[in-house]
Amino acid sequence: MRVSSGVPGFDELVQGGLLKDRLYVVSGPPGSGKTTFSSQFITQGAKAGENCLYVTMHETKEELMQDMSGYDFGFDQVMASGKVQFLNLMTDGGKRTITQFGTEGGLTNRIVAFLEQQDIDRAVIDSTMLLQHFFNDMADEITGFLSALKQTGTTIVLISEMTDPSSYADEHYLAHGVIFFHNYLEKGGMTRGVQVIKMRGTAIDCDIRAIDFSDRGLRVRPEQKVEA
């Protein structure tokens, strides 16, 4: 069963949508579209009646809503309506909330328990870079964290900051799917694109496809290839 990403044009690159209950890593440099993609993904789930969760470690709910308020795909509305649970792990309120789901096993067990006990269908976790604040041994604990996420009955988008598209991290090897966003300057200005690097159970071609932004959010141009 596949679910829509909520991003116009993207589902055409992955045979109609993302396979349900799997872990997807969205990577790219700052400003390339990762947060917008993830916000459209979570908005689509909320509009479809799914239980959704947005986990962050660096932004307040108000900041995220303000960042997305320039788009009219409905993110601020679903957040304000309570259809999406929001969890900032760096705030006292977020720490109290996650502690309710166990005191053993650290962040990994607590996040998994939250997803399972709240029956979360769709989640965004932002981002791998900030997980180092919760793990004593990032290299060792990230593997267990990702493996545990893969066992949940939740479709998860994990944001991963990345500036070098040729340098792969643990999350890229362990995830069911990997999506790269690119932005680079050329003579004509900024060129943007999205590339599906890996998608288990799905036929992909790995070409970079053009993307653009409008009042309606991020849109993929499946027919338009971008030369790297």
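**Exercise 1.** Determine how the span of α5 in this predicted model compares with the expected span.

*Solution.* Helix α5 has twelve residues. At 1.5 Å a residue, the expected span is 16 Å. From its first C-alpha to its last, α5 reaches 17 Å, which is close to that expectation. Just after the helix, D119 takes a positive phi of about 55°.

**Exercise 2.** Identify the buried residues of α5 and elements that cover them.

*Solution.* Burial requires under 20% relative accessible area. The buried residues of α5 are L107, T108, R110, I111, V112, A113, F114 and L115. Their cover includes the strands β4, β5, β6 and β7 as well as the helices α4 and α6.

**Exercise 3.** Classify the packing of α4 against α5 and describe the contact.

*Solution.* The helices α4 (residues 92–99) and α5 (residues 106–117) pack at an angle of about 75°, and their axes are 9 Å apart. Angles of 65 to 115 degrees count as roughly perpendicular; α4 and α5 are therefore roughly perpendicular to each other. On α4 the contact is made by T97, I98 and T99, and on α5 by R110, I111 and F114. These residues divide into three nonpolar, two polar and one charged.

**Exercise 4.** Where around the axis of α6 do its buried residues lie?

*Solution.* The buried residues of α6 are I142, F145, L146, A148 and L149. They cover an arc of only 160° around the axis, so they lie on the same side of α6. What covers them includes β3, α5, β6, β7 and α7.

Key. Residues numbered from 1 in each chain as written. Predicted model: local features only at pLDDT ≥ 70, side-chain atom pairs only at ≥ 80, totals over all residues. Heavy atoms only, no water. Axes fitted to C-alpha atoms, helices over the stretch in contact; angles between N-to-C directions. Helix = DSSP H or I, 4+ residues; strand = E, 2+ residues; numbered from the N terminus. Parallel < 35°, antiparallel > 145°, perpendicular 65-115°, else oblique. Contact = heavy atoms within 4.5 Å. Nonpolar A, V, L, I, M, F, W, Y, C, P; charged D, E, K, R; others polar. Expected span 1.5 Å × (residues − 1). Buried < 20%, exposed > 50% of the residue type's maximum accessible area, 1.4 Å probe, protein only. Arc of directions from axis to C-beta.
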